[in-house]
Amino acid sequence: MSGNPDFWRADVSIERLEKAAAQYGAFVFVFLKDRVTHAYGISACELLYACREQGVSVNSGGTPRYQLYILYKTGEIFKSASRSNFVVKLHSN
């Protein structure tokens, strides 16, 4: 992401997240940087709860989507491309 290369933006469809949570599904985020793969996962229920509780911004242009900013080195999600407004920590191996 220009301006802050440690973050990547991942917009998640609210409808898709709600459906996955109802089915006890999970979300996996994969980011490749300098030939290294960073992969993180989280249950859809946990992600949906965190987005709602933390008041994550919704991009409503087209399909409504939560705007997530992921710090790829740690798997932490924030509301913006800075280390403020923490939302939730993703899980990794």
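I looked up Leu32 and noted that, at 61% relative accessibility, Leu32 counts as exposed (buried means under 20% relative accessible area, exposed over 50%, partly exposed in between, with a 1.4 Å probe and protein chains only). I am working with a predicted model, in which local features need pLDDT of at least 70 and side-chain atom pairs count only at pLDDT 80 or more, while totals for chains, interfaces and linings use all residues. I number residues from 1 along each chain as its sequence is written, and side-chain values use heavy atoms, with hydrogens and water left out.

I placed Leu32 in strand β2 (strands are DSSP runs of E, at least two residues, numbered from the N terminus).

Next I turned to the aromatic rings and found that the structure holds 5 aromatic pairs (rings of Phe, Tyr and Trp, the last by its six-membered ring, pair if their centres lie within 6.5 Å; planes under 30 degrees apart count as stacked, over 60 as edge-to-face and the rest as tilted). One of them is the stacked pair of Trp8 and Phe31, with 4.6 Å centre to centre and 5 degrees between the planes. Trp8 lies in strand β1 (residues 7-13) and Phe31 in strand β2 (residues 26-33), so this pair ties together parts that are 23 residues apart in sequence. I noted both Trp8 and Phe31 as buried.

I then looked up Phe78 and Phe86, which form an edge-to-face pair at 5.8 Å centre to centre, with 75 degrees between the planes. Phe78 counts as buried at 4% relative accessibility, whereas Phe86 is partly exposed, with a relative accessible area of 39%. Together with Phe7, Phe78 and Phe86 form one aromatic cluster.

Key: Helix = DSSP H or I, 4+ residues; strand = E, 2+ residues; numbered from the N terminus.
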